[in-house]
Amino acid sequence: MNHPENDDQYIGLQVNSGVTSQPIVNPYRNVHRARRRRLTPGEYVEGILKGDVSILGQAVTLVESTSEDHQATAQEVIEKCLPYSGNSRRIGITGVPGAGKSTSIDVFGLHVLRQGHRLAVLAIDPSSERTRGSILGDKTRMEKLSQEKDAFIRPSPSAGSLGGVARKTRETIVLCEAAGYDRIFVETVGVGQSETAVHSMVDFFLLIQLAGTGDELQGIKRGIMEMADGIAINKCDGDNVERARLAAAQFRNALHLFPPTPSKWVPEVVTYSGYYDLDVDKVWDMIDRYFEYVQKTGYFTEKRNRQAKYWMLETIDERLRTSFYSMPEVKALLEQKELRVLNNEQSSFTAAHDLLDFYFKKLKS
């Protein structure tokens, strides 16, 4: 192209012709990288027992996968790891968004590591209900802990499954214990849906609360309070110290109104500051006292056994639901029954009975 700006009358001004148009398709797109060799279940187990973090991460990915092939391999790995699991303290940590759960886990974890333990953090990250996408940003909020070699942090998208915690998290705990992690933290999304599931897979349930937000009494919810084995008031620092202590007194009074816990343990309330790493040892002293108490009374083993039975039944329910809804004939009949129910031609209950009767007859045939 001729540029008039390059004429002699415009001395000192020059316009280059530019570069030729480049292809919009990557020229290397057909060059495939060599795929990583698929490990056998035995190789997964061997790597996990050696504490290989890379293989542990791959095994957790198998557990989280929805592929039937991956699930078959994962279940075989879990079965072989079971004899090496169960030797940890499982601690659930919950609280409203903004309570400082991730920051607290960062300092809690460092405290645990200084005591000579190995720590696995299973942080459940909220997923978009529309896209199922997830930020998985917990590692960025656990800056110090993520740099420690004896800490394994695994953020997992909740994908809308009971607030983010389900059977796969419990199976991941088994793998982490087999890999030698003797302290397990399970952080919930803190939206009020996942606490029951977390409570059914941990030994100690810690509720993190805030003071000075204007709704301390609003935070005293019967359901979550009855599940908590201990309450920690975060951000007890600076001008907020007195408010945190007042909130702690209010929670202690509220706890006296509740019936005794199944373990007969009286939940304690402590204050600390996760951001400034103040009085973190108080939180851990409370947790140590709890474990000493439940191991002495035998409740520790009783609770573990009850949880194992609970997850067996939950797995049965899940498999039955999957089998029911994946049957093509049931899908077709379900659409018909939905129309009849919506048109007031049949009640919801009789429609459900018809669908179940049809399903069971199909299984027998």
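The ground rules come before the structure. Residues are numbered from 1 along each chain as its sequence is written, and side-chain values use heavy atoms, with hydrogens and water left out. In this predicted model, local features need pLDDT of at least 70 and side-chain atom pairs count only at pLDDT 80 or more, while totals for chains, interfaces and linings use all residues.

The protein has 13 helices and 7 strands; these are DSSP runs, with helices H or I of at least four residues and strands E of at least two, numbered from the N terminus. It has 365 residues, and 44% of them count as buried, meaning under 20% relative accessible area with a 1.4 Å probe, protein chains only. Take the contacts between residues at least 6 apart in sequence: 75% of these join residues at least 24 apart. Contact here means heavy atoms within 4.5 Å.

Now the helix pairs. Two packed helices are described by the angle between their axes and the distance between the axes. Axes are lines fitted to C-alpha atoms over the stretch in contact, and angles run from 0 to 180 degrees between N-to-C directions.

Helix α1, residues 41-49, packs on helix α2, residues 53-64, at about 130°, with the axes 8 Å apart. The two are therefore oblique to each other (under 35 degrees is roughly parallel, over 145 roughly antiparallel, 65 to 115 roughly perpendicular, and the rest oblique). From α1 the contact takes Glu43, Tyr44, Gly47 and Ile48, and from α2 it takes Ile55, Leu56, Gln58, Ala59 and Leu62. By class that is 6 nonpolar, 2 polar and 1 charged; Ala, Val, Leu, Ile, Met, Phe, Trp, Tyr, Cys and Pro count as nonpolar, Asp, Glu, Lys and Arg as charged, and the others, Gly among them, as polar.

The second pair is α10, residues 280-297, and α11, residues 299-326, whose axes come within 5 Å and cross at roughly 85°. That makes α10 roughly perpendicular to α11. On the α10 side are Tyr290, Phe291, Val294, Gln295 and Thr297, which meet Tyr299, Phe300 and Lys303 of α11. This contact divides into 5 nonpolar, 2 polar and 1 charged residues.

Is Tyr290 buried or exposed? Tyr290 is buried, with a relative accessible area of 1%. Leaving aside neighbours within four places in sequence, Tyr290 is in contact with Asp203, Phe204, Asp229, Trp265, Tyr299 and Lys303. Asp229 lies 61 residues from Tyr290 in sequence, and the C-alpha to C-alpha separation is 8.1 Å.

Conventions
Buried means under 20% relative accessible area, exposed over 50%, partly exposed in between (1.4 Å probe, protein chains only).
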